[in-house]
Amino acid sequence: MLARWRRWGTRRRVEALIRGGVGVSERAWQVDGAGEGPRLAEEIGAWARAEMAGMRRPFGVDHVALALAFRDAAGRVCCSASLGVVRPGAFYDGSAEARLAGALEAALGMAPSGGLEVQVALLRLGDLAFELQGGMQAA
């Protein structure tokens with residue numbers, strides 16, 4: 001019972017930290033339609049590298065999670081995609097951009113015609129781990 005209570009407590013702390021914006025970066029891009037996947041993947045990759053540059057890495061925790069949401073002209077989410085949890089190296093060796101380009105092209109192909117807004121959220125797990133360990137205690 002005590003172990004379950006601890007897990008719930010940690011889960012609530014993580015949720016509160018994320019809601020408070022710890023380790024979270026967001027940005028949006030406007031896209032006209034299919035064919036823009038590779039270009040947008042490069043822009044998102046460059047943005048992600050800049051956001052990860054200041055990430056804390058306590059005990060070697062340097063993973064990030066990246067999610068995409070596509071909104072149509074009416075503001076409705078028409079599709080979404082995620083890279084899941086990856087290491088920063090994926091944004092330097094080109095593998096993240098390749099996966100992003102594929103996800104973007106697939107989503108843009110399914111999306112209604114016209115302009116779309118692509119919202120991207122990056123969660124830096126190292127920053128969360130740092131806060132969970134009590135800030136400077138983990139450094």
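# Helices and salt bridges in a predicted model

Biologist: By about how many helical turns are Glu-15 and Arg-11 separated in helix H1 (residues 2-19)?

Modeller: Glu-15 and Arg-11 stand four residues apart in helix H1. The model is predicted, and in it the side chains of these two residues meet in a salt bridge of 3.7 Å, N to O. Being four residues apart in the helix, Glu-15 and Arg-11 are separated by about one helical turn.

Biologist: Which of these terms describes Glu-15, and which describes Arg-11: buried, partly exposed or exposed?

Modeller: A residue is exposed when its relative accessible area is over 50%, and buried when that area is under 20%. Glu-15 has 36% relative accessibility, so Glu-15 falls in between and counts as partly exposed. Arg-11 has a relative accessible area of 55%, so Arg-11 is exposed.

Biologist: In what order do helices and strands follow one another along the sequence?

Modeller: The secondary structure of the chain consists of four helices and four strands. Read along the sequence, these elements follow the pattern α-β-α-β-β-α-β-α.

Biologist: What share of the contacts with a separation of 6 or more is made by residues 24 or more positions apart?

Modeller: The chain has 139 residues, and 38% of them count as buried. Its accessible surface is about 7,800 Å², with 54% belonging to carbon and sulfur atoms. Among contacts in the chain with a separation of 6 or more, the share made by residues 24 or more positions apart is 73%.

Biologist: Within what arc do the buried residues of H2 fall, seen down the axis?

Modeller: Helix H2 covers residues 37-52, and its 16 residues reach 22 Å from the first C-alpha to the last, close to the 22 Å expected. Its buried residues include Leu-40, Ile-44, Trp-47 and Met-52. These buried residues line one face of the helix, because down the axis of H2 they fall within an arc of 170 degrees.

Biologist: Which exposed residues does H2 carry on the face turned away from its buried side?

Modeller: The buried residues of H2 have a cover that includes strand E1 (24-31), strand E2 (64-71), helix H3 (95-110) and strand E4 (116-124). The face turned away from the buried side carries the exposed residues Glu-42 and Ala-50.

Biologist: Which residues are linked with Glu-36 in a network of salt bridges?

Modeller: Glu-36 is placed in the loop between E1 and H2, and a polar contact of 2.4 Å joins its side chain to that of Arg-39. Arg-39 and Glu-43 both lie in helix H2, four residues apart, and their side chains meet in a salt bridge of 2.4 Å, N to O. The residues linked with Glu-36 in the network are therefore Arg-39 and Glu-43.

Biologist: How many residues apart in sequence are the parts that the pair Glu-51 and Arg-124 ties together?

Modeller: A search of the whole structure finds eight salt bridges, and one of them joins Glu-51 and Arg-124, with the closest N and O atoms 4.0 Å apart. Glu-51 lies in helix H2 and Arg-124 in strand E4, so the pair ties together parts whose separation in sequence is 73 residues.

Biologist: Which residue of this pair counts as buried?

Modeller: The cut-off for buried is under 20% relative accessible area. Glu-51, at 29% relative accessibility, counts as partly exposed. At 11% relative accessibility, the residue that counts as buried is Arg-124.

Biologist: Within what arc do the buried residues of H3 fall?

Modeller: The 16 residues of H3 should span 22 Å at 1.5 Å a residue, and the 23 Å between its end C-alpha atoms agrees with this. Among the buried residues of H3 are Ala-96, Glu-97, Leu-100 and Leu-104. They line one face of the helix, because seen down the axis of H3 its buried residues fall within an arc of 140 degrees.

Biologist: Which residues are exposed on the other side of H3?

Modeller: The buried residues of H3 pack against E1, H2, E2, strand E3 (77-86) and E4. On the other side of H3, the exposed residues are Ala-98, Gly-109 and Met-110.

Definitions and conventions. Residues are numbered from 1 along each chain as its sequence is written. This is a predicted model: local features need pLDDT of at least 70, side-chain atom pairs count only at pLDDT 80 or more; totals for chains, interfaces and linings use all residues. Side-chain values use heavy atoms; hydrogens and water are left out. Helices (H or I, at least four residues) and strands (E, at least two) are DSSP runs, numbered from the N terminus. Buried means under 20% relative accessible area, exposed over 50%, partly exposed in between (1.4 Å probe, protein chains only). Contact means heavy atoms within 4.5 Å. Accessible areas come from the Shrake-Rupley method with a 1.4 Å probe; for residues, only the protein chains shown count as cover. The expected span of a helix is 1.5 Å times one less than its number of residues. The arc is that of the directions from the helix axis to the C-beta atoms. A polar contact is a pair of N or O atoms within 3.5 Å; within protein, one must be able to donate a hydrogen and the other to accept it, and residues adjacent in sequence count only if both atoms are side-chain atoms.
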